[in-house]
Amino acid sequence: MSPRTEPVVRIRCPPEEEARCLAALQRAGYAAERSLTWVVVRDAAPDAVNEALAAGGAGVRVAVRERIGQLVGWLIDRQGKLEGRAVNVQALVRRVLEDGGLTARYAPRPLPELLEPATRTYEALMASGAAQVTWDRFVEAFCVELAAPPAP
């Protein structure tokens with residue numbers, strides 16, 4: 001599981017699922033709060049929060065995990081044939097960061113740097129037979145960390 005903690009971990013949670021979601025998080029020791037259309041856990045590892053949701057029987061998942069799953073599906077659908085598709089990879093990476101509320105912290109790597117990690121990720125997925133990319137692996141492969149804003 002990823003040790004990388006993020007200032008915010010977002011969960012898109014419909015009202016009918018919120019009680020189960022909050023209970024699962026609470027059992028795992030997380031304090032969650034409602035923020036607009038999201039349930040939010042602060043200063044946590046996205047993969048650990050996702051595991052807590054799954055273990056607690058919640059039907060929702062962490063937003064970045066859902067979007068990384070879409071990237072994984074896209075890579076598998078293309079069967080490693082990614083030539084000329086850097087813009088698509090960048091758009092998928094951007095969606096992960098936007099849904100996660102992490103665009104002030106990370107940005108997608110420049111276009112010329114995206115196809116090689118996408119190809120490596122596809123090859124690792126096929127070799128392992130597991131369709132899982134950890135948060136750390138995603139960030140290291142597809143993102144650049146932005147400079148932290150100065151403290152007020």
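This is a predicted model: local features need pLDDT of at least 70, side-chain atom pairs count only at pLDDT 80 or more; totals for chains, interfaces and linings use all residues.

Colleague: Okay, α5 then: how many residues does the helix have, and what does it reach from end to end?

Modeller: Helix α5 covers residues 115-128, which is 14 residues, and reaches 20 Å from its first C-alpha to its last, close to the 20 Å expected at 1.5 Å a residue; the expected span is 1.5 Å times one less than the number of residues. Helices here are DSSP runs of H or I with at least four residues, and strands are runs of E with at least two, numbered from the N terminus.

Colleague: Which residues of α5 are buried?

Modeller: They are P117, A118, T121, Y122 and L125, where buried means under 20% relative accessible area, with a 1.4 Å probe and protein chains only. These residues lie on the same side of α5 because they cover an arc of only 140° around the axis, taken from the directions from the helix axis to the C-beta atoms.

Colleague: And what covers them?

Modeller: The cover includes α3 (63-78), α4 (86-99) and α6 (135-142), with contact meaning heavy atoms within 4.5 Å.

Colleague: Switching to aromatics, how many pairs turn up in the whole structure?

Modeller: The search finds three aromatic pairs, counting rings of Phe, Tyr and Trp (its six-membered ring) with centres within 6.5 Å, and calling planes under 30 degrees apart stacked, over 60 edge-to-face and the rest tilted. Y106 and W135 have ring centres 6.1 Å apart and planes at 80°, so that pair is edge-to-face. Since Y106 lies in strand β4 and W135 in helix α6, the pair ties together parts that are 29 residues apart in sequence.

Colleague: Are those two buried or exposed?

Modeller: Y106 counts as buried at 1% relative accessibility, and W135 counts as buried at 0%. F138 and F142 form a tilted pair, 5.6 Å centre to centre with 35° between the planes, and ring pairs link Y106, W135, F138 and F142 into a cluster.

Colleague: Last one, how do β2 and β3 run?

Modeller: Strands β2 (residues 32-35) and β3 (residues 38-44) run antiparallel and are joined by four bridges, and R34 stands opposite V39 in β3. In their hairpin, which has two residues between the strands, L36 takes a positive phi near 55°.

How values were computed. Residues are numbered from 1 along each chain as its sequence is written. Side-chain values use heavy atoms; hydrogens and water are left out. Buried means under 20% relative accessible area, exposed over 50%, partly exposed in between (1.4 Å probe, protein chains only). Two strands pair if DSSP finds at least two bridges between them.
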